[in-house]
Amino acid sequence: PTPTAMVRGEIDDEDPLLTTIPIDRYQNVELPSVFAYPHVYEPHPIAKYACDQVREQIKTLATDEWTQHNFFSQSDDDNGAGKMFGVLVVRTDNGSLGYLKAYSGSITGVTHSEQYGFCPTLYNRFETCERTGFSYLTEEAELNKMNLRIEELESDPKRIELQTALDAVKERAMISLAAAKTQQKEQKKKRQVQREQMREELPPEDFVVFEADLAQESAYYQRQVKQVKAENTEELKDG
């Protein structure tokens, strides 16, 4: 449990979530007057005492009832996952001290933390909403069914076969398009060389005709690339 600071609050001594602190634990101890900064501070001895009490309770619960969650294991498996607990020391309306305790998230198998003396969650996913009728567990079960169905479809031999065939079509399309573009670039370089060469050798009127022929050739290779793209698209549709 994380030691927290002490605050003055309006809380009844008979509150079932309040754990009373014996008076001999604090009668000669100076109590803090302000709430400590929660990230950098030295926990008060009373807060440490409350943490020790909760820690002992957790050990007992982990052995007797909360057996699906190993809070004290040092292993990295799921059953050794940690859990954040916290205590809040308060002064009651009659001046005595006590503490409230809570934990983050949920604990497997626990639907109501209050039955163990811990503060309730803001949202209890194990209860059905009276206003909307929404049930987390019902919806979770539906999602689990969907996930199971997705796993079944993903592992279906027919799907794997079709996916393999589709991947092969994509690979062929990529190769053919790359080849067409490479050829287009190579022919462009050749035309550039020919253009500069013929510029010096041909009369102006003949060079105009020659350059028009080069433009036609360039358009031809552009059409070739577009045709390969169209053929690939059609093959992917069929695949």
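Modeller: Tyrosine 103 has 13% relative accessibility and therefore counts as buried, a word used for under 20% relative accessible area, with exposed meaning over 50% and partly exposed in between (1.4 Å probe, protein chains only). This is a predicted model, in which local features need pLDDT of at least 70 and side-chain atom pairs count only at pLDDT 80 or more, while totals for chains, interfaces and linings use all residues. Residues are numbered from 1 along each chain as its sequence is written, and side-chain values use heavy atoms, with hydrogens and water left out.

Tryptophan 66, at 1% relative accessibility, is likewise counted as buried. The structure holds 7 aromatic pairs, where rings of Phe, Tyr and Trp (its six-membered ring) pair if their centres lie within 6.5 Å, and planes under 30 degrees apart count as stacked, over 60 as edge-to-face and the rest as tilted. The rings of tryptophan 66 and tyrosine 103 have centres 6.1 Å apart and planes at 75°, so this pair is edge-to-face. It links distant parts of the chain, 37 residues apart, with tryptophan 66 in the loop between α1 (45-64) and β3 (85-91) and tyrosine 103 in strand β4 (residues 97-103); helices (H or I, at least four residues) and strands (E, at least two) are DSSP runs, numbered from the N terminus.

Tryptophan 66 also forms an edge-to-face pair with tyrosine 116, at 5.2 Å centre to centre and 75° between the planes. Tyrosine 116 counts as buried at 15% relative accessibility. Trp66, Phe85, Tyr103, Tyr116 and Phe118 form one aromatic cluster.
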